[in-house]
Amino acid sequence: VDNVSLLTTEAQLKQFIATLGVRVYSCYEVKARQSVWQRKNNDKPDHKSFRLCINKADADILFNANLWPEDVLISHWSFKLKSADN
């Protein structure tokens, strides 16, 4: 979940998602995504991002764009593959 207000806490996000009928197993704040321009200029993020673990059966509810504020982005989590060197 990306582009969430800086004032939002993990507990608040979990509570909101629970009201949608989605079972949340965990919710962690993660490093907010930034554009190349923002990273280049060392801008502080103006939003928060969270990693959620939910019941797979609830994914269709979570990904329903009509249930979220217009600017919030929901995407599948992707893990970075470790290289042979790491």
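The accessible surface of the protein comes to about 6,800 Å², and 52% of this surface belongs to carbon and sulfur atoms. The model is a predicted one. Of the protein's 86 residues, 29% count as buried. Three helices and three strands make up its elements, which follow the order β-α-β-α-β-α from the N terminus on. When contacts between residues at least 6 apart in sequence are considered, 65% of them join residues at least 24 apart.

**The sheet**

- The three strands form an open sheet in the order β1-β3-β2, with antiparallel pairing.
- The edges of the sheet are taken by β1 (2-4) and β2; each has a single partner strand, so one side of each is left without a neighbour in the sheet.
- From one strand to the next, the twist averages 45°.
- Strands of a sheet pair through backbone hydrogen bonds, in either the parallel or the antiparallel sense.
- The antiparallel pairing of β2 and β3 extends over six bridges.
- Within β3, Phe50 is the residue opposite Glu29, and Ser49 is the bridge partner of Val30.
- The antiparallel pairing of β1 and β3 extends over two bridges.
- Ser49 in β3 also has Asp2 standing opposite.

**Asn3 in strand β1**

- Asn3 belongs to strand β1.
- The phi of Asn3 is positive, about 70°, although Asn3 is not a glycine.
- Most residues other than glycine have a negative phi.
- With a relative accessible area of 30%, Asn3 is partly exposed, as this value falls between the limits of 20% for buried and 50% for exposed.

**Helix α1 and its place on the sheet**

- Helix α1 lies across β2 and β3, and runs at about 140° to β2.
- Ala11 is found in helix α1.
- Ala11 counts as exposed because its relative accessibility is 55%, and exposed means over 50%.
- Ala11 and Cys27 are 16 residues apart along the chain, and their C-alpha atoms are separated by 8.1 Å.

**The largest nonpolar core**

- The largest nonpolar core has 13 residues, of which Val1, Leu13, Ile17, Cys27, Leu52, Leu62 and Trp68 touch the most other members.
- At least two residues of this core come from each of α1 (10-19), β2 (24-30) and β3 (48-54).
- In soluble globular proteins, nonpolar side chains tend to be buried together.

- Val1 is placed in the segment before β1.
- Val1 counts as buried because its relative accessibility is 10%, and buried means under 20%.
- Leaving aside neighbours within four places in sequence, Val1 is in contact with Leu13, Lys48, Ser49, Phe50, Leu52, Trp68, Val72, Leu73 and Ile74.
- Ile74, one of these contacts of Val1, is 73 residues from Val1 along the chain, yet the two C-alpha atoms are separated by 4.7 Å.

**Trp68 and the aromatic pair**

- Trp68 counts as buried, at 10% relative accessibility.
- Residues up to four places away in sequence not being counted, Trp68 touches Val1, Leu13, Phe16, Ile17, Leu20, Leu62 and Ile74.
- One aromatic pair is found in a search of the whole structure.
- This pair is formed by Phe16 and Trp68 in an edge-to-face arrangement, with 5.1 Å centre to centre and 70° between the planes.
- The pair links distant parts of the chain: Phe16 lies in helix α1 and Trp68 in the segment after α3 (59-62), 52 residues apart.

- Val1 and Trp68 are both among the core residues that touch the most other members, and Trp68 is one of the residues in contact with Val1.
- Ile74 is touched by Trp68 and is also in contact with Val1.

Key. Residues are numbered from 1 along each chain as its sequence is written. This is a predicted model: local features need pLDDT of at least 70, side-chain atom pairs count only at pLDDT 80 or more; totals for chains, interfaces and linings use all residues. Side-chain values use heavy atoms; hydrogens and water are left out. Helices (H or I, at least four residues) and strands (E, at least two) are DSSP runs, numbered from the N terminus. Buried means under 20% relative accessible area, exposed over 50%, partly exposed in between (1.4 Å probe, protein chains only). Contact means heavy atoms within 4.5 Å. Accessible areas come from the Shrake-Rupley method with a 1.4 Å probe; for residues, only the protein chains shown count as cover. A nonpolar core is a set of buried Ala, Val, Leu, Ile, Met, Phe, Trp, Tyr and Cys residues joined through side-chain atoms within 4.5 Å. Two strands pair if DSSP finds at least two bridges between them. Axes are lines fitted to C-alpha atoms, for helices over the stretch in contact, and angles run from 0 to 180 degrees between N-to-C directions. Rings of Phe, Tyr and Trp (its six-membered ring) pair if their centres lie within 6.5 Å; planes under 30 degrees apart count as stacked, over 60 as edge-to-face and the rest as tilted.
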